[in-house]
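Let's take a walk through a protein chain together.

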Amino acid sequence: MNRNQELFEQARQLIPGGVNSPVRAFGSVGGVPRFIRRAKGACVWDENDDRYIDYVCSWGPAIVGHAHPEVVKAVQEVAESGLSFGAPTAGEIDIAAAINRLVPSVEQVRLVSSGTEATMSAIRLARGFTGRDTIIKFEGCYHGHSDSLLVKAGSGLLTFGNPSSGGVPADFSRHTLVLRYNDTAALQETFARIGDSIACVIIEPFAGNMNLVKPSAEFLQALRALTARHGTVLIYDEVMTGFRVALGGAQSLHGITPDLTTMGKVIGGGMPLAAFGGRADIMAKISPLGDVYQAGTLSGNPLAVTAGLKTLEIVQRDGFYEQLTARTRQLCEGLQAVATRHGVLLLTDYVGGMFGMYFGADKLPQSYDDMQHTDAALFKRFFHAMLDEGVAFAPSAFEAGFLSAAHSEDLVNATLDKADKVLAALAG
Ligand SMILES: *Cc1c(COP(=O)(O)O)cnc(C)c1O
């Protein structure tokens with residue numbers, strides 16, 4: 001009896017699509033999602049008690065490994081003292097100080113409960129601070145599901161976007177311009193024409209929601225220079241990359257100082273915690289100091305703050321990112337070597353503990369357009385064959401993958417052995 005199948009059928013009776021977040025439904029790869037019962041270190045076990053080496057890591061948060069004993073113990077201890085107070089706590093100062101020390105551009109920070117809230121609030125703040133309505137995002141970047149951000153590109157460079165979801169008024173999407181990632185010329189032209197009316201530009205500083213796509217140094221430098229010149233707020237959406245690609249986030253690798261930064265995923269260590277912060281003069285516009293309203297009953301929740309603080313403590317230990325990056329490199333170089341051996345066209349790329357796989361690509365994708373030309377059908381076959389072998393990659397060709405500190409050299413080697421078998425079969 002397959003428990004996953006049985007549970008999926010039950011779930012679909014009560015929960016739309018059987019899931020509480022769409023990509024979990026396996027829509028783009030087909031088949032039955034695994035219902036996870038428990039996780040430990042680098043592995044998850046489903047309701048059949050089948051084990052998977054996990055390269056999803058809860059979509060990023062599980063960077064120290066699932067159910068890390070120190071994180072679990074810390075959360076258990078604070079839970080004894082109450083789950084939520086709706087009043088300030090000392091722990092919030094501790095985590096704000098840790099964020100400020102690790103990511104110095106974040107002079108002041110506000111805690112929220114999801115990445116969506118963080119980006120939505122940061123955009124409202126940028127609009128309130130500048131007194132402007134227009135925002136720019138890049139095609140293929142995901143910043144959560146608030147109305148202004150569920151927008152796809154319009155038909156021309158300066159035509160505003162269209163809603164990419166039902167329920168989003170076209171009037172809202174008219175304030176969002178969608179440009180191509182890494183397209184410096186389009187950015188320059190847009191700023192030359194309407195720069196002084198743009199409230200903010202929001203960017204994933206390594207795009208991880210269209211697989212992994214890296215920005216060029218030229219593009220990032222132009223972005224920083226243009227936004228500074230026009231008084232436009234530059235928002236680095238580091239919900240995925242924060243504490244994931246490096247201790248100081250993508251901004252520390254790029255040497256770029258954004259005006260605002262959003263964080264999530266790793267910062268909560270698996271609990272609902274996210275944050276936005278940055279320049280103190282901009283943050284001073286947020287209520288109760290300023291007139292830009294923002295609030296949350298569970299914001300700064302003591303359990304979430306505790307899980308986050310302990311996770312941030314662990315990632316600061318000696319050699320943490322060196323080891324994480326070495327394991328990620330081992331996986332990526334290994335996969336590429338195995339693919340080459342079997343004549344399968346596959347490229348891989350990585351930064352810190354985050355990686356991309358591009359089937360059918362002969363060069364690394366620079367944009368969403370490039371990603372759309374990769375071989376999603378081949379990815380799908382690879383995905384399912386690996387899952388049958390006990391290796392879980394993200395169930396979409398458009399998602400980045402993640403490793404944790406618990407992904408040992410042996411587990412990565414075991415993954416590569418399975419990939420060898422799978423790619424031999426796919427090539428044959
Ligand atoms: C996951 C993600 C979000 C949304 O975070 P949620 O906690 O899912 O609301 C926003 N931005 C980026 C870059 C993300 O990867």
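Here is a short briefing on the chain, grouped by topic.

What you see is a predicted model, in which local features need pLDDT of at least 70 and side-chain atom pairs count only at pLDDT 80 or more, while totals for chains, interfaces and linings use all residues. Residues are numbered from 1 along each chain as its sequence is written, and side-chain values use heavy atoms, with hydrogens and water left out.

**The big picture**

- The chain holds 14 helices and 16 strands; these are DSSP runs numbered from the N terminus, with helices being H or I of at least four residues and strands being E of at least two.
- Its radius of gyration is 21 Å, close to the 22 Å from the globule rule for 428 residues, so the chain is as compact as a globular protein of that length. That radius is taken over C-alpha atoms, and the globule rule is 2.2 Å times the number of residues to the power 0.38.
- Along the principal axes, the C-alpha atoms fill a box of roughly 60 × 55 × 50 Å.
- Of the 428 residues, 53% count as buried. Buried means under 20% relative accessible area, exposed means over 50%, and partly exposed is in between (1.4 Å probe, protein chains only).
- Take the contacts with a separation of 6 or more: residues 24 or more positions apart account for 71% of them. A contact means heavy atoms within 4.5 Å.

**Surface and charge**

- The accessible surface comes to about 17,800 Å², and 52% of it belongs to carbon and sulfur atoms. The areas come from the Shrake-Rupley method with a 1.4 Å probe, and for residues only the protein chains shown count as cover.
- There are 36 positive and 44 negative side chains, and the centres of the two sets lie 1 Å apart. Lys and Arg count as positive and Asp and Glu as negative, with His and the chain ends not counted; each charge is placed at NZ of Lys, CZ of Arg, CG of Asp or CD of Glu.

- Helix H7 covers residues 217-229, and its 13 residues should span 18 Å at 1.5 Å a residue; the end C-alpha atoms are 18 Å apart, which agrees. The expected span is 1.5 Å times one less than the number of residues.
- Which residues of H7 are buried? They are Phe219, Leu220, Ala222, Leu223, Arg224, Leu226 and Thr227.
- An α-helix has 3.6 residues a turn, so residues three or four places apart point the same way.
- The buried residues of H7 pack against several elements, including strand S5 (134-138), helix H6 (184-194) and strand S10 (233-238).
- Helix H11 (residues 320-341) has 22 residues that should span 32 Å, and its end C-alpha atoms are 32 Å apart, which agrees.
- Just after H7, Gly231 takes a positive phi of about 65°, and just after H11, Gly343 takes one of about 70°.

- Most residues other than glycine have a negative phi, and most peptide bonds are trans.
- Phe26 is not a glycine, yet has a positive phi of about 65°. Phe26 sits in the loop between helix H1 (3-14) and strand S1 (36-40) and counts as buried at 9% relative accessibility.
- Asp49, also not a glycine, has a positive phi of about 65°. Asp49 belongs to the loop between strand S2 (43-46) and strand S3 (51-54), and at 42% relative accessibility Asp49 counts as partly exposed.
- The peptide bond from Ser287 to Pro288 is cis, with omega near 10°; Pro288 lies in the loop between helix H9 (280-283) and helix H10 (302-315).

**Inside and outside**

- Phe355 is part of strand S14 (residues 354-359) and counts as buried at 2% relative accessibility. Phe355 and Phe402 are 47 residues apart along the chain, but their C-alpha atoms are separated by 6.3 Å.
- Asp349 lies in strand S13 (residues 346-351) and counts as buried at 15% relative accessibility. Leaving aside neighbours within four places in sequence, Asp349 contacts several residues, among them Lys214, Cys332 and Phe355.
- Is Gly167 buried or exposed? Gly167 is exposed, with a relative accessible area of 75%, in the loop between strand S7 (162-163) and helix H5 (170-173).
- Gly166 is found in the loop between S7 and H5, and counts as exposed at 66% relative accessibility.
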